[in-house]
Amino acid sequence: MLPRCALSVCHVLMLVLCLSSAEDFDWTKNDHGSFYYGTFPAGFSWGAGSSAYQTEGAWDKDGKGLSIWDVFSHKKGKILQNDTGDSSCEGYHKFRDDVSLIKELKLNHYRFSISWPRLIPTGIKSDHVNERGIQYYDELIDHLLENKITPIVTLYHWDLPQVLQEKHGGWQNISMVNYFNEFANLCFERFGNRVKYWITFNNPWSIAVEGYETGEHAPGLKLKGTGAYKAAHHIIKAHARVWHTYDTQWRAKQKGQVGISLSGDWGEPVDISNQKDIEAAERYVQFYLGWFATPIFHGDYPQVMKDFIGRKSVQQGLGSSRLPTFSPQEKSYIKGTCDFLGLGHFTTRYITQKNYPSARSSSYFTDRDLAELVDPRWPDPGSEWLYSVPWGFRRLLNFVKTQYGNPVVYVTENGVSEKMLCTELCDDWRIQYYKDYINEMLKAIKDGVNVKGYTAWSLMDKFEWDEGYSERFGLYYVDFRNKNKPRYPKASVQFYKRVISSNGFPNQREVENWRRKATETCSSSNQLLAADPLTSHMEMVTEIVVPTVCTLSILLSAIFLMFLLRRRN
Ligand code: NOJ
């Protein structure tokens, strides 16, 4: 998800040297004494999330068209171990079971995404609408509602129809705005009587940077220094267009809300007494969250992005900035197109100023003139980029409050992974992560941040993009080796369930108790998992051993028969 290159050993060491000066400066830093016992406001919504390509599987079933991720993951060398989302968690076939898991957790909402090519195989509505795709989401939505779970639906979680990429260049082309608007309009028309929370885009930062700048994600383009800015420009316009479509055509009747889900790491200055570091950390957040949030809340890109990219473009001898511009009409059209802000947050970085000479090749990363650092003491149980730094969450939430006029916020993603070989259901470190991050969110609410809901990421283990199945974010463990893709609860399920039923953290004794009980129950689930290789073994018996033994028996009988016949002759 994040630029891994940024974290060199030397950066880590350098931070150790700097830390002594940055150690005791703040009002939000987490230490053991600062846990806040208390509850969330009444009506606070608890949920968990997933996305279509990461969980559905059924990549070529029932009339679905190809997405850029189907094509990208089928190319050798793009995904770790050449994994694909072809079958993934088989969510397309198992959605009823998954709603039971959601019920078991007593979630108030479930966040999932709609696969655009499952509904419109070529991406262009006038070509063809796939009714079987509509039926799948109809059934999922109905089933959630029957179980009193509010659907929060993302329209675009990265799976662009391949035809739009091939024929039009995907998000490099402004024509995506119309195609996306038609798709969104179809969703409002067919599902909007039941879905009241819409998210236009999930994490446009990743779509732009990893899809069109570094090429680590589909469609895998490396258009350094321009591709990401152009993609982002079109995405912001597409978001605004869809918000207006809902506002003018559906809102009065359907009474729903349309937001966007942005991601942002928090950036903390390495040395808080150094103005250059303070500015660099501010730039880090502005180039990340601010890139999308500032146009949507204030009508234009952050001034610091315009200044830095503009200046570097001039130095590179370009006639205009590599950062595109909005016309005055566009600015007022885009400004205010957000009924709520979805926020995805996982981690934090320390930031220091670092100059990159602009004569060298341009890129989004060098445009920022900064270096990212991590504290080697931060826990990092899973993904290489994901360090657990709970206090950064509270700071980011307060940043949102002050920068964007205290909007309604739904946390749309927050969670932690574990590494591939670790099939441990007793995920104590995940319990710790959720406990501390959720607690920092509670403190942020006490600070006055308008957070209305929280979505644990993710409901179950799933395809983790270029990392394949090697990083597990799930509350539920999925056994991908077994073709039935059975799910098993990790200990964090029990813990999260308690947080939900108490709507927070009542007191130390109880919270410690939850934790103890959660780890106790997970050892019995572990036995289930231990039994699971048996299931796979049974499959092997029925699928390989039985046919082989049969064939051999037939052969042997034939040979024996021939032998008998010969002897007779
Ligand atoms: C953000 C993405 O939206 C999500 O799909 C992914 O699983 C998480 N990051 C973790 O990398």
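1. Strands β7, β9 and β10 form an open sheet in that order, with mixed pairing. Strands β7 (266-269) and β10 (370-373) are at the edges with a single partner strand each, so one side of each lacks a neighbour in the sheet. Direction ignored, neighbouring strands are turned by 40° against each other on average. Strands here are DSSP E runs of at least two residues, helices are H or I runs of at least four, and both are numbered from the N terminus. Two strands pair if DSSP finds at least two bridges between them.

2. A word on the source. This is a predicted model, where local features need pLDDT of at least 70 and side-chain atom pairs count only at pLDDT 80 or more, while totals for chains, interfaces and linings use all residues. Residues are numbered from 1 along each chain as its sequence is written, and side-chain values use heavy atoms, with hydrogens and water left out.

3. β7 and β9 (residues 348-353) pair in the parallel sense over four bridges. Pro 269 has Ile 351 in β9 as its bridge partner. Helix α11 (residues 275-298) packs on the sheet and touches β7, β9 and β10. Its direction makes about 130° with that of β9. Helix α15 (residues 390-403) also packs on the sheet, touching β7 and β9. The direction of α15 makes about 100° with that of β7. Contact means heavy atoms within 4.5 Å. Axes are lines fitted to C-alpha atoms, for helices over the stretch in contact, and angles run from 0 to 180 degrees between N-to-C directions.

4. Helix α9 (residues 204-212) meets α11 as well. Their axes come within 10 Å and cross at roughly 120°. On the α9 side are Pro 204, Trp 205, Ala 208 and Val 209. They meet Phe 287, Tyr 288, Trp 291 and Phe 292 in α11. By class, this contact has eight nonpolar, no polar and no charged residues. Nonpolar covers Ala, Val, Leu, Ile, Met, Phe, Trp, Tyr, Cys and Pro; Asp, Glu, Lys and Arg are charged, and the others, Gly among them, polar.

5. Arg 111 lies in strand β3 (residues 109-113). At 0% relative accessibility, Arg 111 counts as buried, meaning under 20% relative accessible area with a 1.4 Å probe, protein chains only. Its side chain makes a polar contact with that of Asn 202 (2.8 Å). Such a contact is a pair of N or O atoms within 3.5 Å; within protein, one must be able to donate a hydrogen and the other to accept it, and residues adjacent in sequence count only if both atoms are side-chain atoms.

6. Arg 194 is in the loop between α8 (176-191) and β5 (197-202). Arg 194 is buried, at 17% relative accessible area. Its side chain makes a polar contact with the side chain of Asp 138 (2.7 Å).

Note on methods. Buried means under 20% relative accessible area, exposed over 50%, partly exposed in between (1.4 Å probe, protein chains only).
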